[in-house]
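Please look through the sequence and the model shown below before reading on.

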Amino acid sequence: MSKEEETVEIKASCLCKASRFQWKVPKSYLPFKGRLCHCDSCQKSHGALATFHLRIRFAATLAILEPLVRHKGSCIESFFCRTCGSVMGHTDDDVGTRSPAVPSSAHWTMSTGVIEEPEALIDFYSHIYVLPTKDGGASDWLKTIKGKKLLMNILSEGQGEFPDGWQKMMKRRPCDTSTPTIRARCCCGGVDMTIKRPASSKSSNEEGPPWWRAKSSPDKWLAVNCACSNCRISSGCDIMAWAYVSSDCITFSLEADKSTITIYESSLGAKRGFCGKCGATAWMTGGTGPENVTAVSVGLLEDCSGSRAENWLEWETNIFFAEDAAHKTLMDALSRGLREWADEKKNDSKVREQMEEGKDEQAADDDLTKNMEKKELQKTHCAEVEASNSPGNEEDVVKAKKENTVEKELAENMASVRIKEEDT
Ligand SMILES: [Zn+2]
Ligand SMILES: [Zn+2]
Ligand SMILES: [Zn+2]
Ligand SMILES: [Zn+2]
């Protein structure tokens, strides 16, 4: 950089402040392009539903990485504080954005949650790896920021984008929605929990359900997004997704848990459990949270329906501690997006109910005709895209009917990419 060039100092630190760093960049580099990654590796190594990050040149930050614990997962190497577990960032093998002249390790992907005063530094502009979420995950809550649409990259950048409402075009293998337990595991498998449905909780027959229980369904847990600074810095993500689970419904796999869990007390009585081997935020208890309840990291849940785990969770539509957010523009967009998503969901289920009621009143043969018509419609409006649900499959078969343009486009995008599902 030339002498005259104006520079900006960027500061970041972990929750316990043991890892602090700062570096200067030319002002002309700003704003950094922030993005949300929804890949399995990011979810499992942060514990969040999506990671919020930006890419910077590795060389500038080598000193930063020195005191941190590093964990090499299947496709990212994450760096976190050994005391508080804050995931500062990672390097990755993101082939789609790697320039051929630069080795993959030359890129450092930094968690935006640990950066001070991010509002002036970062503009969020895209989602990557939306496909592995199956249901859209947190990407459905952040479609626009200040009227500007975010890119919905199917996988990495430049590998094809999803059109609006892509989920409805996907045809998936059926998945068992009524399983009595769900597993939650971190990236290295060292934190391994099995969670039961609320109906099996001892405290489920009290005088009315407490606020932290799902309202719509007795067999779901309530999930919330928290934007408080402790959640943000420890996960490295601008919002951290928690599922409130009665502690008596969680079983820890003892062999795995004993070896890797590390506990950090972030405020008086508030204990945060993270994996000492891979850095994933795993759970939180105490503090302002309800008694005998453990907040479990949603990013660790393994629900066949998708990242939002809606077989198991009902989502609260207000973001907790939104007023504490460091990036206000991002938080405004997320808060609005989350409410809009919830409204749309409500409308969809109303329409479904009306359809059901209507059905009862009609004669059976009428019903049959309707179903036939519906099937015809599906034939022409749905791309038959098969995305495998089975973990460990490196490639999935992609088929598409080519009757209309949207389908064709989607099919072409899908066929051009390899669907990566990391074996976690
Ligand atoms: Zn720390
Ligand atoms: Zn990722
Ligand atoms: Zn782990
Ligand atoms: Zn919080």
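This is a predicted model: local features need pLDDT of at least 70, side-chain atom pairs count only at pLDDT 80 or more; totals for chains, interfaces and linings use all residues.

K271 stands opposite T285 in β21, and R272 is likewise placed opposite M284 of β21. Residues are numbered from 1 along each chain as its sequence is written, and chains are lettered from A and ligands numbered from 1 in the order in which they are written.

The hairpin of β20 and β21 has five residues between the strands, and G279 takes a positive phi near 90° there. Strand β21 is also joined by two bridges to strand β22 (residues 293–297), with which it runs antiparallel, and M284 has A295 as its bridge partner in β22. Because four of the five residues of β21 are buried, this strand is largely enclosed by the rest of the structure; a residue is called buried if 20 or more other C-beta atoms, placed from the backbone, lie within 10 Å of its own, exposed if 12 or fewer do, and partly exposed in between.

These strands take their places in an open sheet of seven strands with mixed pairing, whose order is β19-β20-β21-β22-β17-β16-β23. At its edges lie β19 (261–267) and β23 (313–315), each of which pairs on one side only. Neighbouring strands of this sheet are turned by 30° against each other on average, direction ignored, the axes being lines fitted to C-alpha atoms and the angles running from 0 to 180 degrees between N-to-C directions.

If residues up to four places away in sequence are not counted, A243 touches W221, A223, V296, V298, L301 and L313, a contact requiring C-beta atoms, placed from the backbone, within 7 Å.

For the protein chain overall, the secondary structure comes to seven helices and 24 strands, and 41% of its 424 residues count as buried. Among contacts with a separation of 6 or more, 66% are made by residues 24 or more positions apart.

Some backbone details remain. Most residues other than glycine have a negative phi, and most peptide bonds are trans. The peptide bond from L30 to P31, however, is cis, with omega near -5°, and P31 lies in the loop between β2 (20–26) and β3 (32–37). K17, in the loop between β1 (7–13) and β2, has a positive phi near 70°, and K17 counts as exposed because it has 12 C-beta neighbours inside 10 Å. K134 has a positive phi near 65° and is found in the loop between β9 (122–128) and β10 (144–145); with 20 other C-beta atoms within 10 Å, K134 is buried.

Methods:
Two strands pair if DSSP finds at least two bridges between them. Two residues are in contact if their C-beta atoms, placed from the backbone, lie within 7 Å.
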